[in-house]
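Thanks for coming. I'll talk through one structure today, starting with how the chains meet and then moving to a few local spots.

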There are 2 protein chains.
Amino acid sequence: MTGLRGPVLVVGAGLLGTSVGLALRARGIEVLLRDVNDEHLRTASGLGAGTPANGSPVAPELVVVAVPPDHLAEAIAEALTTTDAVVTDVGSVKGRPLARVAELVPAEALARYVGSHPMAGSERSGPLAASSLLFDGRPWAVAPHASSYPGAAALVTALAEACGATPFAFTPAEHDAAVARTSHVPHVMAALVAGALADAPSEHLSLSGQGVRDVTRIAAGDPALWQQILTANAAALTGLLREVRDRLDGVLDALDAGSRDALAEVLGRGVAGTAAIPGKHGGPTVPVEGVFVGVPDHPGELARLFADCGDIGVNIEDVRIDHDPGRPVGLTELTVAEDAADRLRTALEERGWSVHG
Amino acid sequence: MTGLRGPVLVVGAGLLGTSVGLALRARGIEVLLRDVNDEHLRTASGLGAGTPANGSPVAPELVVVAVPPDHLAEAIAEALTTTDAVVTDVGSVKGRPLARVAELVPAEALARYVGSHPMAGSERSGPLAASSLLFDGRPWAVAPHASSYPGAAALVTALAEACGATPFAFTPAEHDAAVARTSHVPHVMAALVAGALADAPSEHLSLSGQGVRDVTRIAAGDPALWQQILTANAAALTGLLREVRDRLDGVLDALDAGSRDALAEVLGRGVAGTAAIPGKHGGPTVPVEGVFVGVPDHPGELARLFADCGDIGVNIEDVRIDHDPGRPVGLTELTVAEDAADRLRTALEERGWSVHG
């Protein structure tokens, strides 16, 4: 594996670019920053993400292009033609920008380009939302094209690792098919479910539970960004969305005909699909179970609960608090390994907690 | 408001019935339990949810029918004809069971029936998953029909309150339209997104992030139960699903035509829909913000974090841990009121935590 020595030029000091800068600076790698927005540049630099380099000549080892989807191809081409560096980008779609870059630069320059895509983000944007930990433990797709030179792919893989992420190699087309399925189809469907809520009488929405909140959460994402992403990946996305539409027609037929078998098949495929998602960080899924604990609404009670869990020696994989400021007791769900759940329940009850589930 | 004095007969000692029993017993109200499954009955009774009454003559003030959707109407009708009590149920659909009950019992008995529906549940089922806190702070729909007598609706409202829930009054048709939109459409769409994952090459799923996990979580629910729910609410559900299908066709047309305006409209409606969902417990939405904290993977570190939050005096509304057992630092997202976020960030940094977002 080629190590990353730097300097690294980051073009675009938004959430992703600034986070890359912070992660690399934390490992002592020199980072130069460019952004058309001077305020973003000052903010990112002030946070410690690197040194502003607007207008200065630079000779980086690697350029990371982190601009909005509509400007990707031009910014990548510019980096390839104005430096001798390896160039990558962190955009959500790989095929269409690559095709455009190939039109803009000679073959020698194109060989230095390897697209990539860290699976990390936030509903917030801009440098102030950035973090050196943003990529920690996240998948990071590295997508060399047919004529990328091997050293370039190795350097981009080293970038992903330097940012704390887990690199996965894909061709650009495979990457785009994968994110159409795991990110773009879910976004469209979440937006459609949420859109149906926008029409509802408000009293109907009083019956909203955690389920609809979870299904629709990502639909709060920036429409201007998402229309760029979905358009750029239209080729991979439309085939999958047509399959989903056909299955939705099947659900409608089954409901009209009262055909439970057809419904059971769709629902059963859904269960299989949830089980197919790998563990949070790309590793194998650890079977987990929820333990529900009633937590009095006093300051310090959550701290006491976690202190007890620490004493008991059970690792908490996730937490969800169903908290209502107006009520004396909230319910906290602790997600733990399945084989530790009963031990945790018993030990918490012995310590006086109200436990169930 | 009519108070609930009891005794209350709970028919069906699964997750919901046992939880009702536990909540009422915690308030000192006498509870009798029936279940066709003797083991469920013994378990629920052993947990303290009430006294077994299989085969015994009873004279309850209120009967709560908590059996699977397919058996609801018959169980409600039996309760109305074998007792003089007010009868409610906790099923997910109100219109179709009501129509069937109306065929099975005389008008005098039907007047004592008021359907209801607590918006609470779990991916687990059975009495062992039950809790006296299951309904705490949750919405609980109370759905009298045109000839329900007013005292019956008041008693069912008192039941919801005794269980710690917040009652909302609906007609049966309004209820079914509301849950079609807030629960059944989301379930179908989650199942379709998850179903598309079931077909995927497994390496593509390595790019799954938190978004697709959230969108598909509810699709893990029991297909046998959900086919009953969706079938029972087909009338309200199909109209909404057709609207969603037509909008999905619109997305496909927009992608084929490269029409960004049409995409922007769908995405913008999605944003509006997420904003329309009320606060977690039916109250107004409090603007919240995420504060991300790096937490070393040692026992006791989460306890220390929550102790510090308690000292700082900021209320934690929700927590999400992005935890990977293989890594030294996990990222914990603390959701707090928007106007407290900056104060929490500063105070945690002063205490040596790595904070961002």
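A salt bridge here is a side-chain nitrogen of Lys or Arg within 4 Å of a carboxyl oxygen of Asp or Glu. By that rule, the count between chain B and chain A is 10 salt bridges. Please keep in mind that this is a predicted model. Over all chains, the structure holds 30 salt bridges.

One of the bridges to look at is A:Arg269 with B:Asp199, where the closest N and O atoms are 3.1 Å apart. On the side of chain B that touches chain A, helix H7, residues 172–198, gives the most, with 21 residues. Sorted by class, that side of chain B has 63 nonpolar, 30 polar and 29 charged residues. Polar contacts also cross the interface of chain B and chain A: there are 16 residue pairs, both members at pLDDT 80 or more.

Now the area. The size of an interface is often given as the accessible area lost when the parts come together. For chain B and chain A that is about 11,300 Å², with 64% of it on carbon and sulfur atoms. Which residues in chain B lose the most area to chain A? They are B:Arg181, B:Leu207 and B:Arg260, and together they make up 7% of what that side buries. The contact takes in 122 residues from chain A and 122 residues from chain B.

Next, the nonpolar cores. In soluble globular proteins, nonpolar side chains tend to be buried together. The largest core in this model has 70 residues, and A:Leu241 and B:Leu241 are those with the most contacts inside it. What does A:Leu241 touch, leaving aside its neighbours within four places in sequence? In chain A, A:Leu241 is in contact with A:Val185 and A:Val188. In chain B, the contacts of A:Leu241 are B:Leu248, B:Val251, B:Leu252 and B:Leu255. There is also a second, separate core of 44 residues, and A:Val291, A:Cys309, A:Leu334 and A:Ala341 are among them.

Is A:Ser206 buried or exposed? A:Ser206 counts as buried, because its relative accessibility is 8% and the cut-off for buried is under 20%. Beyond its neighbours within four places in sequence, A:Ser206 is in contact with B:Pro139, B:Phe168, B:Phe170 and B:Pro278.

Back to salt bridges, with a network. The linked residues are A:Arg245, A:Asp246 and A:Asp249, along with B:Arg245, B:Asp246 and B:Asp249. Within chain B, the side chains of B:Asp246 and B:Arg245 meet at 3.1 Å, N to O. B:Asp246 is partly exposed at 44% relative accessible area, whereas B:Arg245 counts as buried at 16%.

An α-helix has 3.6 residues a turn, so residues three or four places apart point the same way. In helix H4, residues 95–104, A:Glu103 and A:Arg100 are 3 residues apart, about one turn of the helix. Their closest N and O atoms are 2.8 Å apart. A:Glu103 counts as exposed, at 58% relative accessibility, and A:Arg100 is partly exposed, at 34%.

Helix H13, residues 338–350, holds A:Arg345 and A:Asp342, also 3 residues apart. Their side chains meet in a salt bridge of 2.7 Å, N to O. Here A:Arg345 is buried, with a relative accessible area of 11%, while A:Asp342 is exposed, with 54%.

Helix H2 of chain A, residues 38–47, is worth a look at both ends. At its start, a side-chain oxygen of A:Asn37 reaches to within 2.8 Å of the backbone nitrogen of A:Glu39. After the helix comes A:Gly48, whose phi is positive, near 95°.

Last, a histidine. A:His145 lies in the loop between strand E7 (139–144) and helix H6 (150–162) of chain A. At 11% relative accessibility, A:His145 counts as buried. Which backbone oxygens does its side chain approach? One is that of A:Leu110, at 2.9 Å. The other is the backbone oxygen of A:Tyr113, 3.1 Å from a polar atom of the A:His145 side chain. Not counting residues up to four places away in sequence, A:His145 also touches A:Leu98, A:Ala111 and A:Pro172, among others.

Note on methods:
Residues are numbered from 1 along each chain as its sequence is written. Chains are lettered from A and ligands numbered from 1 in the order in which they are written. Side-chain values use heavy atoms; hydrogens and water are left out. Contact means heavy atoms within 4.5 Å. Buried area is the accessible area (1.4 Å probe) that two parts lose on being put together, summed over both. A polar contact is a pair of N or O atoms within 3.5 Å; within protein, one must be able to donate a hydrogen and the other to accept it, and residues adjacent in sequence count only if both atoms are side-chain atoms. Helices (H or I, at least four residues) and strands (E, at least two) are DSSP runs, numbered from the N terminus. Ala, Val, Leu, Ile, Met, Phe, Trp, Tyr, Cys and Pro count as nonpolar, Asp, Glu, Lys and Arg as charged, and the others, Gly among them, as polar. A nonpolar core is a set of buried Ala, Val, Leu, Ile, Met, Phe, Trp, Tyr and Cys residues joined through side-chain atoms within 4.5 Å. Buried means under 20% relative accessible area, exposed over 50%, partly exposed in between (1.4 Å probe, protein chains only).
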